[in-house]
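Subject: the model we talked about

Hi,

Here is the structure I promised to pass on. Have a look at it first, and then read my notes below.

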There are 2 protein chains.
Amino acid sequence: MALSYFKYERVEDAQQKLLSLAGESMKRVEILDVRNAIGYILAEDIRSERDIPQNDIAHFDGYAIRSEDTKLASPKNPLRFKIAKEIKLTDRSSDYEIPCGEVIYVPTGCELPKNANAIVPVESVKREGDYIILTRPIAKGFHVIRKGSDIKKNEVILRKGAVIQGQHIKVLLDSGIFKVPVYKKPRVVVMPIGSELTNNLNEHRKKLETHSYLISHLIEKNGGIAMRKAPIPDDPNLISREVEEALENYDIIVTIGGASVGKMDFTWSEARRIKKPRLEIRGIKVHPGRVTSVVLFEKPIIMLPGLIQSTLSGTIFILLPLIRFLAGLPPSPLYPKFVGKVKSVIKIPEFKPFKRMRFIRRIESMDNEKEKFIDLLRYESFHSSVLLKADGIITIPENIDEISPNETLTVYGVYGLF
Amino acid sequence: MALSYFKYERVEDAQQKLLSLAGESMKRVEILDVRNAIGYILAEDIRSERDIPQNDIAHFDGYAIRSEDTKLASPKNPLRFKIAKEIKLTDRSSDYEIPCGEVIYVPTGCELPKNANAIVPVESVKREGDYIILTRPIAKGFHVIRKGSDIKKNEVILRKGAVIQGQHIKVLLDSGIFKVPVYKKPRVVVMPIGSELTNNLNEHRKKLETHSYLISHLIEKNGGIAMRKAPIPDDPNLISREVEEALENYDIIVTIGGASVGKMDFTWSEARRIKKPRLEIRGIKVHPGRVTSVVLFEKPIIMLPGLIQSTLSGTIFILLPLIRFLAGLPPSPLYPKFVGKVKSVIKIPEFKPFKRMRFIRRIESMDNEKEKFIDLLRYESFHSSVLLKADGIITIPENIDEISPNETLTVYGVYGLF
């Protein structure tokens, strides 16, 4: 039993061990059809396979012409050009050649005929029957969109690490790129543990298990593919059977609850019984969330505590960094949201040698000041209403137990949460 | 033919007409299972159906006790309490009553036995066999989490307009709310038009249609459900057949291309031929994007221009505001992203009576200044590479054609784009 007690590791150390051991060996690249790659992260720089436009094209509906034929045109010497043909967008216009002293009508976006090098827009020229009348010379390239003027062949159009959005799909396809290397999203199974839990809305004798909805949402918003499982009772045999089965089918196994050192906490001991782990993390130096533990074989089993804020802390500091790393994102799920001044003294004397995470709300200042004030939300670690009221979190470094009024703090958002 | 020419309407007027005529009559609320409501917008305030916790519960593993039995305990007068029973989380602990002078063991989170009103944590008390020894009185409510202390029955937990995320699913389910009223997401069909287009990656004689990937992504990111269609050739009969069919099956019909006044532009005339519209908008006073037009029957047909930046402008100023309104979001898809100082003079003399939209990039300042500088990206309206390079957009009001260096501008992001 003594073996299961906590050896709290610094969060940064735990993260670094997990990323270097599990992250590096599990990171995978897959080739996806561009059209299915929305939200994936590029694993390589991508270069265009062609010039865009692929050829010189007309910028307006107009008459394709050879600039050199127009040199002598002037108001005093109007030149007549026969409209040899009207080309449609669907024609292969490069099959056509302009006869000397003639023009070919082309619509906007149409490739220029073989020997054309300028466009006379329809509205800027007088037409008489099958002829247009030019009263000035037309410069080479006039109203022509040059081949490669948008994107050049072999130009890097997207960098490794880009999150693929709609505009990227468009430009990649335009560039002749139909497959892209992306980081494979880890498949993460979420397994709540506890005999008192049910996932059946109509089972009133048990407690409805709901943490997994939040954790799964955060997994999806941070680059993973989440699969929720029905709660597993506090039975060592059932737990080890389900965990072993999950190790076959998923990349990351997440348990919620049953990870502490109580009589009914079997997750840690059962996980370690499977085989010799490559890495063990038994508790992390963060409050809430200190019970968070990891056992790593080829794949990691990440054990989250059961009280919601602790579950969330373990998710933010241990689970999401690994998922994000595998998906090709920067590991931290935190982003700086705003900077605020502390309104009333913040005292966090408990767990002083630990990193602390606390939920913060923004206080609207009375006097239209530009400064934002922040305040600690009052809550207990089992409260979930705080998740509806918070504007973000602050983290308090080890060994600090008080933050004075008017000190300036950065409030962080969590991707997918707030 | 004259009828199809443009009567450019101010963007704000066009938006307002469309929202009041189409938006108000088409807005629908549906009742969804909470578990399927991620990303939907709440149509009503939601009140909790129960107290959370539903009963007084133990904050620690410990002994449930009656405070009044402990009054006389002191170091000089240690009191012995028999451990009458050990309750599990899965037991209905309110079935049990504590015999006078005894205690009942309960785990963390367990409902208190019928007449208990305090918890003595396991680690804070001496145990001798089946007895615990108390050397001080225990206050009423000690280590008890009070019924309703997290959320009270009938308390508003979520406001109308909230975008439902993982934490909301959790708290709604915890509160006994399994169904929620949300705004129905409009079903939007995206129909590219042009005989030169194909959606077949292997059809090299035609141009691959790719705008629809970007527009569909923006629709999805702004509260709609998008359905992409194969390109329709420039054939009036095919266009009207497809549009009429789409009017049966979708809430909003979006066409891309074929909406101008050229010989092959049939969308406007065919749409108006279907029946008498409730609203017609033939062009909007924005550049790029001025060709954007709308014909509204019960449902709107929104015609976007074909050059990508014009397509995007019509999407931002006309299509997305309607979708967002129907989905319950604030109509504008723009959000202030940062404020920057203009680096070099911005001249936009063309289309002076129009609102103008331009793509902007942020310039990294040389000297670690905190100020951000911005610059106009150089591009043509058919360029799509600008979508990869821009950090945001600026809008320039009517009748302004120059912005001086060092003027301060707000750069906007577009939800789903950048």
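Let me start with the charged pairs: counted over all chains, there are 40 salt bridges. Keep in mind as you read on that this is a predicted model.

In chain B, the side chains of Glu12(B) and Lys355(B) form a salt bridge, with 3.1 Å from N to O. Glu12(B) belongs to helix 1 (residues 11-26) of chain B, while Lys355(B) belongs to strand 24 (residues 355-363) of chain B, so this pair ties together parts that lie 343 residues apart in sequence.

Now to the sheets in chain A. One of them is an open sheet of six strands, ordered 7-4-6-5-9-8, with mixed pairing. Which strands stand at the edges? They are strand 7 (118-121) and strand 8 (126-128) of chain A; each has a single partner strand, so one side of each has no neighbour in the sheet. On average, and ignoring direction, neighbouring strands here are turned by 40 degrees against each other. Inside this sheet, strand 5 (residues 79-86) and strand 6 (residues 102-106) of chain A run parallel and are joined by four bridges.

Strand 18 of chain A pairs with strand 20 (residues 293-296) of chain A in the antiparallel sense, over four bridges. Within that pairing, Arg282(A) has Ser293(A) in strand 20 of chain A as its bridge partner.

Last, the helix pairs. In chain A, the axes of helix 4 (residues 236-249) and helix 5 (residues 267-274) come within 9 Å and cross at roughly 55 degrees. Helix 4 and helix 5 of chain A are therefore oblique to each other, and their crossing is right-handed. On the helix 4 side of chain A, the contact is made by Pro236(A), Ile239(A), Ser240(A), Val243(A), Glu244(A) and Leu247(A), and on the helix 5 side by Thr267(A), Glu270(A) and Ile274(A). Sorted by class, that contact has five nonpolar, two polar and two charged residues.

Chain B has a helix 4 and a helix 5 to look at too. The axes of helix 4 (residues 236-249) and helix 5 (residues 267-274) of chain B come within 9 Å, crossing at roughly 55 degrees. That makes helix 4 oblique to helix 5 in chain B, and helix 4 passes helix 5 of chain B in a right-handed crossing. Among the residues that meet there are Ile239(B) and Val243(B) from helix 4 of chain B and Ile274(B) from helix 5 of chain B. The residues of this chain B contact divide into five nonpolar, two polar and two charged.

Cheers

Conventions
Residues numbered from 1 in each chain as written. Chains lettered and ligands numbered in written order. Predicted model: local features only at pLDDT ≥ 70, side-chain atom pairs only at ≥ 80, totals over all residues. Heavy atoms only, no water. Axes fitted to C-alpha atoms, helices over the stretch in contact; angles between N-to-C directions. Helix = DSSP H or I, 4+ residues; strand = E, 2+ residues; numbered from the N terminus. Parallel < 35°, antiparallel > 145°, perpendicular 65-115°, else oblique. Left-handed = near helix turned anticlockwise from the far one by under 90°. Contact = heavy atoms within 4.5 Å. Nonpolar A, V, L, I, M, F, W, Y, C, P; charged D, E, K, R; others polar. Pairing = 2+ DSSP bridges. Salt bridge = Lys/Arg side-chain N within 4 Å of Asp/Glu carboxyl O.
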